[in-house]
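Hello,

Here is the structure I promised to pass on. Please open it alongside this email; my notes follow below.

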Amino acid sequence: MKNTWAVAFFIFSLIFWLQCQPHSPKQAPINPNGDSEMALLMRAMFEECANLGENIEKGKINPLKVGLEDLLTAEGTQPEKVNSPEFKAMAKSYLDIVNYFNEEEDINPEQGYTMVLNSCITCHQAMCPGPIKKIEKLLPQ
C-alpha cells in the first residue's frame with residue numbers, strides 16, 4: 001500500500017512539474033507554403049547566381065549549372081503554375097539564356113549575367129512576384 005501511494009505521489013509530482021515548466025513558443029515556418037522541389041531549386045539557383053556575381057567582380061567566370069536539368073520537371077508549391085504553358089515557355093527561355101551565357105565565348109560576363117537575372121525577374125513578375133526584390137539586389141550596379 002505504501003508503494004502505491006509513493007508511485008501515485010511520484011506520478012502526480014512529475015505531471016505537476018511538467019505543467020509548471022515554461023513552454024517554448026512554436027516558431028512559424030520560414031516558408032508557410034512548405035518547401036517544394038521548385039522552391040528548393042530556386043533557392044539553389046539564387047545562391048549560384050549570387051556566387052557568380054561575386055566571381056564576375058573578381059574577374060572569374062563560372063558556368064551556371066543549377067536548374068538546367070530540373071527546372072522543367074520540379075514539383076512546385078502551386079503545381080498549376082509550374083505546369084502552365086506560360087511557365088514552361090519562360091523556363092525554356094531562361095535555359096536558352098543560361099546556355100548562351102555558358103557557351104558564348106565573346107559574351108561580356110556582366111551583360112550575360114544581367115540577361116540571366118532579367119530572365120528570372122520576368123518570370124517572377126508573371127508567376128511568383130515575392131522574390132523579385134531579392135533578385136534585383138543581385139543586378140550589377
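Start with helices H4 and H5. On the H4 side, the contact uses Glu 86, Phe 87, Met 90, Ser 93, Tyr 94, Ile 97, Val 98, Tyr 100 and Phe 101. On the H5 side, the partners are Pro 109, Gly 112, Tyr 113, Met 115, Val 116, Ser 119, Cys 120, Thr 122, Cys 123, Ala 126 and Met 127. By type, the residues of this contact are 15 nonpolar, four polar and one charged. Please keep in mind that this is a predicted model.

How do the two helices run? The axes of H4 and H5 come within 10 Å and cross at roughly 175°. Angles over 145 degrees count as roughly antiparallel, and H4 and H5 are therefore roughly antiparallel to each other.

H5 (residues 109-127) also packs on H2 (residues 37-57). Their axes come within 10 Å and cross at roughly 155°. H2 and H5 are therefore roughly antiparallel too. Their crossing is left-handed. From H2, the contact takes in Met 42, Cys 49, Ala 50, Leu 52, Gly 53 and Ile 56. From H5, it takes in Pro 109, Glu 110, Tyr 113, Val 116, Leu 117 and His 124. The residues of the H2 and H5 contact divide into nine nonpolar, two polar and one charged.

Next, the core. Which residues of the largest nonpolar core touch the most other members? They are Leu 71, Phe 87, Tyr 94 and Val 116, out of 31 residues. H2, H4 (85-103), H5 and H6 (132-136) each give two or more residues to this core. Val 116 is worth a click. Leaving out residues up to four places away in sequence, Val 116 touches Cys 49, Leu 64, Tyr 94, Ile 97, Val 98 and Phe 101.

Then look at Ser 84. Ser 84 sits in the loop between H3 (79-82) and H4. Is Ser 84 buried or exposed? Its relative accessibility is 11%. The cut-off for buried is under 20%, so Ser 84 counts as buried. Ser 84 and Met 127 are 43 residues apart in sequence, yet 9.9 Å apart in space, C-alpha to C-alpha.

Last, the overall picture. The protein has six helices and zero strands. Along the sequence, the pattern reads α-α-α-α-α-α. Of the 141 residues, 30% are buried. Among contacts between residues at least 6 apart in sequence, 58% join residues at least 24 apart.

Best wishes

Methods:
Residues numbered from 1 in each chain as written. Predicted model: local features only at pLDDT ≥ 70, side-chain atom pairs only at ≥ 80, totals over all residues. Heavy atoms only, no water. Axes fitted to C-alpha atoms, helices over the stretch in contact; angles between N-to-C directions. Helix = DSSP H or I, 4+ residues; strand = E, 2+ residues; numbered from the N terminus. Parallel < 35°, antiparallel > 145°, perpendicular 65-115°, else oblique. Left-handed = near helix turned anticlockwise from the far one by under 90°. Contact = heavy atoms within 4.5 Å. Nonpolar A, V, L, I, M, F, W, Y, C, P; charged D, E, K, R; others polar. Core = buried A, V, L, I, M, F, W, Y, C linked by side-chain atoms within 4.5 Å. Buried < 20%, exposed > 50% of the residue type's maximum accessible area, 1.4 Å probe, protein only.
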